[in-house]
Amino acid sequence: MTGLPHHTLAATLDLLEQLTPFRSVAGQRDAQRQLAAWLENWLIDEVEAEVVLPVADQPDEHGPPLVHVRIDINAPTTVVLYNMYDVMPASDEGWDVPPFEGGIRHWDDKGDVYIARGAENNKGPLAGMLMTVRDLWLTERLHTNIEIILEGEEEIGSGNLRRYLSQQPCPIAPAEAVLFPSLCEYGGGAPRLYLGFTGMTTGRLKVEGGSWGGPRAAIHASNAAWIANPAWRMVEALNAIAPAHANGVLHTEPVTGEAADILDELAAQFSIRDELIMRRSERLTIDTDPWNALAHLLGSAVLTIPDIYTSPQGGRGIIPPLACAELALRTPPGIDKDALLERIKAQLADPALAGAQLVLDDSYPGHRFSIDDIGVMELMNSYHQQQARPQIWPWAPGCAPAYAFAPIAPAFLIGGLGYGGNAHGVNEFVTLQGLQRFQQSLSDWLLAF
């Protein structure tokens with residue numbers, strides 16, 4: 001190990017305490033712009049970064065600003081560090097400390113932890129990343145150029161980032177590898193290394209009243225025996241496109257080739273019991289062995305429903321003219337998402353489902369890369385240097401816009417040692433020991449190029 005100085009953790013916690021109060025959640029555009037500007041200024045002041053895309057020049061209508069800077073030391077190689085500054089909403093209820101104030105507490109089972117919204121996902125790793133880069137730069141141990149790009153829409157699809165990277169020529173020149181530094185010792189277990197990511201399509205199923213029988217405006221619920229309710233039609237439509245017994249799975253593609261070989265090794269060390277404990281569940285929705293359970297998880301295109309509502313909100317006293325279900329379709333690499341969407345539209349064209357329509361907001365595909373691509377072995381070695389053996393996954397069941405970085409580098413990695421938890425939930429945390437492990441692993445990865 002290269003060894004980070006002891007003061008680095010204290011400086012990182014200080015930086016994290018400065019990031020925590022920014023309520024950089026979706027829709028809070030002022031807070032997001034303020035934090036983006038703050039991060040840009042920090043990078044200018046602390047590492048003399050060159051600004052590629054000034055925050056002040058980005059119009060509000062483009063979305064939360066991107067922070068794109070370059071640390072150019074005239075090295076022959078370049079790596080890209082990607083991260084996010086947006087977090088999920090949180091109220092104070094149930095937290096040991098207010099989520100947007102943050103603080104250190106001692107938990108008997110985990111030791112000293114820093115608790116705050118974003119402590120794990122992803123302000124904690126962001127602070128750790130920035131301070132690691134700063135330490136290497138100040139001590140003149142940095143020997144690769146670094147492009148840093150931070151976004152404020154990771155939790156809602158990364159639209160602004162994807163549009164930015166799709167420009168010709170790409171604003172980021174070809175690099176050795178892209179890393180999304182994160183705490184990857186999930187649940188305190190073996191660190192994970194994902195060789196790709198799932199794609200996502202978002203939108204809604206919408207049923208409006210009208211000629212098919214539903215009301216064009218809210219009416220008194222006493223008419224329910226005569227007048228069709230859009231909410232019931234929406235339930236019928238949901239069941240037609242994604243029957244409940246399948247848990248939203250629309251199609252499962254077999255895992256083959258290199259991915260199957262990787263899955264063989266993963267399944268041999270995978271514990272369904274530990275996974276259920278980490279995910280706070282008592283049982284899987286399928287009853288099978290680890291290999292097939294993982295193949296089903298990774299190979300399935302799944303339609304999830306984060307929200308169902310009617311409008312206007314009239315309580316029990318009305319039949320609403322509109323019913324909606326917010327949808328997210330998660331598609332693994334290799335699955336034709338467009339064909340799935342066309343199938344859904346064809347199912348909704350059934351006259352029995354008149355009034356139901358699929359409205360799409362955004363979409364991006366899954367993407368995977370090879371275990372032999374540059375950056376992968378370097379990440380594995382950064383784990384080994386702290387006596388950690390990674391679990392290697394063919395790709396992540398979670399979504400990330402990895403495909404958007406494909407013109408820049410073959411590998412888009414999420415990686416880093418360190419243990420945190422309760423992301424998106426109450427008492428989100430990172431252990432202080434985990435934060436140190438995270439920074440050491442990131443330092444070792446950067447010094448490998």
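Me: Is Asp362 buried, partly exposed or exposed?
Reply: This is a predicted model, and the relative accessible area of Asp362 in it is 26%. Buried requires under 20% and exposed over 50%. Asp362 is therefore partly exposed.

Me: With which residue does Asp362 form a salt bridge?
Reply: The closest N and O atoms of the pair are 2.3 Å apart, and a salt bridge requires that distance to be within 4 Å. The partner of Asp362 is Arg162.

Me: How many residues apart are Asp362 and Arg162?
Reply: The salt bridge between Asp362 and Arg162 links distant parts of the chain. Asp362 lies in strand β16 (residues 356-364), and Arg162 in helix α4 (residues 159-165). Arg162 is buried, at 8% relative accessible area.

Me: What separates Glu236 and Arg233 along helix α5?
Reply: Glu236 and Arg233 form a salt bridge, with closest N and O atoms 3.4 Å apart. Glu236 is partly exposed at 44% relative accessibility, whereas Arg233 is buried at 15%. Because they are three residues apart in helix α5 (residues 230-241), the separation is about one helical turn.

Me: Which residues are linked with Arg70 in a network of salt bridges?
Reply: The whole structure holds 16 salt bridges. In the network that includes Arg70, the other linked residues are Glu50 and Glu147.

Note on methods
Residues numbered from 1 in each chain as written. Predicted model: local features only at pLDDT ≥ 70, side-chain atom pairs only at ≥ 80, totals over all residues. Heavy atoms only, no water. Salt bridge = Lys/Arg side-chain N within 4 Å of Asp/Glu carboxyl O. Helix = DSSP H or I, 4+ residues; strand = E, 2+ residues; numbered from the N terminus. Buried < 20%, exposed > 50% of the residue type's maximum accessible area, 1.4 Å probe, protein only.
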